[in-house]
Amino acid sequence: MTNPTIKELVDRYIELSFSVNKKAESLIKCQIGDDLTNDQHYILRYIEKKEVCTSTELAEVFEVKKSAITAIINRMWEKGLIQRNRDEKDRRVIYLTLSDEGKELFEKTETRIHKLVEHLIKQFDQHEIEQFIRTYEKLEHVIAESKDFQLED
């Protein structure tokens with residue numbers, strides 16, 4: 001490839017990535033409603049899948065500072081969506097689980113999001129969907145492998 005072609009592809013990727021992410025986040029927010037922020041929904045989703053986790057684990061998975069997770073967790077706890085349980089052996093460790101209300105809200109919002117995504121992917125044939133998912137998974141892998149990538153000046 002020539003440099004102008006690479007530059008054009010990079011520009012297209014950046015613009016498309018920004019547009020798709022913003023629009024998708026907005027669509028998801030419409031399905032979640034005012035009950036949760038998108039970040040809170042992703043955290044509910046993670047805890048639901050793992051069943052039990054810690055704030056430190058969430059900070060690592062979501063690649064944010066522990067103080068940011070603590071603020072989100074505090075708001076979710078105040079809403080009654082999560083429970084905090086101290087470790088019997090190490091009182092400094094606090095395990096997070098979903099409360100019954102958190103599970104109920106997660107299921108409601110997850111159902112709405114699944115319907116939204118189903119509507120979107122039905123616009124493509126099976127081969128396109130599978131190819132897109134494989135490509136997106138590969139992109140995730142490439143990005144993860146490039147996490148420490150630094151250009152030298």
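At what angle do H2 and helix H5 (residues 100–121) pack, and how far apart are their axes? In this predicted model, local features require pLDDT of at least 70 and side-chain atom pairs count only at pLDDT 80 or more, whereas totals for chains, interfaces and linings use all residues. Residues are numbered from 1 along each chain as its sequence is written, and side-chain values use heavy atoms, with hydrogens and water left out.

H2 and H5 pack at an angle of about 110°, with their axes 10 Å apart; axes are lines fitted to C-alpha atoms, for helices over the stretch in contact, and angles run from 0 to 180 degrees between N-to-C directions. The two helices are therefore roughly perpendicular to each other, a class that covers 65 to 115 degrees, with angles under 35 counted as roughly parallel, over 145 as roughly antiparallel and the rest as oblique. In H2, His-41, Leu-44, Arg-45 and Glu-48 meet a set of H5 residues that includes Gly-102, Phe-106, Glu-110 and Ile-113, where contact means heavy atoms within 4.5 Å.

Helices (H or I, at least four residues) and strands (E, at least two) are DSSP runs, numbered from the N terminus. The buried residues of H2 include His-41, Leu-44 and Tyr-46, buried meaning under 20% relative accessible area, exposed over 50% and partly exposed in between (1.4 Å probe, protein chains only). After H2 comes Glu-51, with a positive phi near 75°.

The structure holds two aromatic pairs, defined for rings of Phe, Tyr and Trp (its six-membered ring) with centres within 6.5 Å, planes under 30 degrees apart being stacked, over 60 edge-to-face and the rest tilted. Tyr-46 and Phe-62 form an edge-to-face pair, 6.1 Å centre to centre with 75° between the planes, and this pair links helix H2 to helix H3 (residues 55–62) across 16 residues. Tyr-46 is buried at 17% relative accessible area, whereas Phe-62, at 29%, is partly exposed. The rings of Phe-132 and Tyr-136 are stacked, with centres 5.2 Å apart and planes at 20°; these residues lie four apart in helix H6 (residues 126–145), about one helical turn.

In H3, the buried residues are Ser-55, Glu-57, Leu-58 and Ala-59, and what covers them includes H2, helix H4 (66–78) and strand S2 (94–98).
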